[in-house]
Amino acid sequence: MKKIKLNEKNIIIISFLLFLIILFISAFVYKEIALFINLLILGTIVLVLPYTIYKFIRFQLIKNCEDNFPNFLRDVAAAKRSGLTMIQAIKSCARSQYGALTPYVVKLNNQLSWNIPLQKALENFRNSLKESSIISQSILAISQIEESGGNTEDILDSLAENIEGIKEAEAEKKTLMSQHIIAMYAIFYIFLGISLALISFLLKFPEIPGAEQLESLPIGRSPCEICINKQEGICFVCNIFFHLCRSFEFGISSSPRCYYNSLFILMIIIQGIFSGLIAGIVGSNSAIAGVKHSLIMSISGFIIFLIVSQFGII
């Protein structure tokens, strides 16, 4: 039986099929709105989470390959200086360890052992790590120079030095940008604090002396009162709020506490997710690198909100 390779395409296909199955079950098998919302949320997680995790793991692997690639180039250059051909030099280096890059070097060596032409093997190596512009462009340069018969030893050393210079510049930039990432965390937790304070104020607003004169304003009341026990499309968001209230004990569906807590907990999670992605772009020029920040912010914000709610502060 042929194994299914877990690459980007297959993960997207499997996740999408699972999402369609869950969507079908939620739409046609179960009619209760609360269960429908649960399954819809589960389906969205199944659709997005596996691909996001795969891309994050792949991002970390590529970074590790880039860190070890200069060592591989230097070893090949040293082997060539000892009198070996490029193919012999690569085969000699295949016995060394280069972290996450090792399986790709071993695969390159195996292809050369099967008498696959060097240019084709290098092209396959380049395609395997095409997410890395550094490795991809370096292999392309090596392939062209080897084909034209240039002095590959000095060029390999030069490439290794240039790559290390780029990585050092990226590390320096990351250190400088860490201040901005800390600022992103500060902004998120300030937003969380303001949200908690605002909920507390809105819930206590009717008790403020003179508040009865502002009865025409919808402050201190739930706009979702009219949607209780209704399944119309216009009440879809309110039904999500009602389900959150029952799940996290935010109070009865008609209460302002139910409405405000459900509204702000969703806002906090969304704020955490997108703040984390922006932090990844700022720190590493990649939204995928921000997945860890998104998880930290959204999960910590969610837990803090629930703790504050359980203690009756909001």
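**Exercise 1.** Is C238 buried or exposed, and what is its relative accessible area?

*Solution.* The model is predicted: local features need pLDDT of at least 70, side-chain atom pairs count only at pLDDT 80 or more, and totals for chains, interfaces and linings use all residues. Residues are numbered from 1 along each chain as its sequence is written, and side-chain values use heavy atoms, with hydrogens and water left out.

Step 1. Apply the classes: buried is under 20% relative accessible area, exposed over 50%, partly exposed in between (1.4 Å probe, protein chains only).

Step 2. C238 has a relative accessible area of 11% and is therefore buried.

**Exercise 2.** Characterise the disulfide that C238 forms with C224.

*Solution.* Step 1. A disulfide is a pair of cysteine sulfur atoms within 2.5 Å; those of C224 and C238 are 2.1 Å apart.

Step 2. The S-S torsion of C224 and C238 is about -75 degrees, so this disulfide is left-handed.

Step 3. C224 sits in the loop between α7 (152–204) and α8, whereas C238 belongs to helix α8, so the bond ties together parts 14 residues apart in sequence. Helices here are DSSP runs (H or I, at least four residues), numbered from the N terminus.

Step 4. C224 is buried as well, at 2%.

**Exercise 3.** Contrast the disulfide of C245 and C258 in handedness and location.

*Solution.* Step 1. The sulfur atoms of C245 and C258 lie 1.8 Å apart.

Step 2. The torsion about their S-S bond is about 105 degrees, so the C245 and C258 link is right-handed.

Step 3. Helix α8 holds C245 and helix α9 holds C258, so parts 13 residues apart in sequence are tied together.

How values were computed: Helices (H or I, at least four residues) and strands (E, at least two) are DSSP runs, numbered from the N terminus.
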